[in-house]
Amino acid sequence: MSFLRNIGQRFTVFMSGRNGFDQLGLACIVCSLVLQIAASLTGVPLLALLSLIAYGYSIFRIFSRKSYKRQQENERFAAWWANIKTKTVQFWKRLKLMRQYKYFKCPQCKALLRMSRGAGEKEICCPKCQNRFRMKA
């Protein structure tokens, strides 16, 4: 038991001051795993090479001592991923509610708005830019 505890303490000392594992590292590992599976199924060596590059980059990120730069990269990735995730969730929600609501964009600010189907023609005030326009549902 003391042998394993000794290894754990040495690893903790080794990793102190290093970046460690974060969202971007996980995304790189998942991406490289998908590329590796695609390479093995298709037999394209370029995909295997890209997979190795993604693995190498994730290992570089984990052991990097420039944690400030790695945190900035991770924050940019997290913001980008949150934007993609929000748009995807909103798309599936609109698709699910398509029979109940009509979705359209404000002609001025391009904000996405909705109106109940069968409501007829109404004057709408955009909540974002206060633009008034007529729309038929």
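**Ala111**

I began with Ala111 and found it in the loop between strand 1 and strand 2. The model is predicted, so local features need pLDDT of at least 70 and side-chain atom pairs count only at pLDDT 80 or more, while totals for chains, interfaces and linings use all residues. Residues are numbered from 1 along each chain as its sequence is written, and side-chain values use heavy atoms, with hydrogens and water left out.

Is Ala111 buried or exposed? Ala111 has 12% relative accessibility, so I noted it as buried. I used these cut-offs: buried is under 20% relative accessible area, exposed is over 50%, and partly exposed is in between, with a 1.4 Å probe and protein chains only.

Next I listed what Ala111 touches, not counting residues up to four places away in sequence: Phe104, Lys105, Cys106, Cys126 and Lys128. Contact means heavy atoms within 4.5 Å.

**The core around it**

Which residues make up the largest nonpolar core? I wrote down eight: Phe104, Cys106, Ala111, Leu113, Met115, Ile124, Cys126 and Phe133. Such a core is a set of buried Ala, Val, Leu, Ile, Met, Phe, Trp, Tyr and Cys residues joined through side-chain atoms within 4.5 Å.

I followed Cys106 from there. Leaving out residues up to four places away in sequence, Cys106 touches Ala111, Leu113, Cys126, Cys129, Asn131 and Phe133.

I found Asn131 in the loop between strand 3 (121-125) and strand 4 (132-136). Asn131 is buried because its relative accessible area is 18%. Neighbours within four places in sequence aside, Asn131 is in contact with Cys106, Pro107, Gln108, Ile124, Cys125 and Cys126.

Gln130 lies in the loop between strand 3 and strand 4 too. At 52% relative accessibility, Gln130 counts as exposed. I noted its phi as well: about 65°, a positive value although Gln130 is not a glycine.

I then looked at Lys110, in the loop between strand 1 (101-105) and strand 2 (112-116). Lys110 counts as exposed, at 53% relative accessibility. The phi of Lys110 is near 65°, positive in a residue other than glycine.

For the loop between strand 2 and strand 3, I picked Ala119. Ala119 is partly exposed, with 30% relative accessibility.

**Helix 4**

On to the helical part. Where is Glu73 found? Glu73 is in helix 4, which covers residues 67-96. Glu73 is buried, with a relative accessible area of 18%. Residues up to four places away in sequence aside, Glu73 touches Leu24, Tyr57 and Arg61. Glu73 and Arg61 are twelve residues apart in sequence, and their C-alpha atoms are 9.9 Å apart.

Phe77 is found in helix 4 as well. I have Phe77 as buried, at 16% relative accessibility. Apart from neighbours within four places in sequence, Phe77 is in contact with Gln23, Leu24 and Ala27. Phe77 and Leu97 are 20 residues apart in sequence and 30 Å apart in space, C-alpha to C-alpha.

**Stepping back to the whole chain**

The protein chain has four helices and four strands, and along the sequence the pattern is α-α-α-α-β-β-β-β.

How does the radius of gyration sit against the globule rule, and what is the value for the protein chain? The protein chain has 25 Å, whereas a compact globule of 137 residues would be near 14 Å. This radius is taken over C-alpha atoms, and the rule is 2.2 Å times the number of residues to the power 0.38. The C-alpha trace spans about 75 × 40 × 30 Å along its principal axes.

Buried residues make up 23% of the 137 residues. Of the contacts between residues at least 6 apart in sequence, 34% join residues at least 24 apart.

Technical notes: Helices (H or I, at least four residues) and strands (E, at least two) are DSSP runs, numbered from the N terminus.
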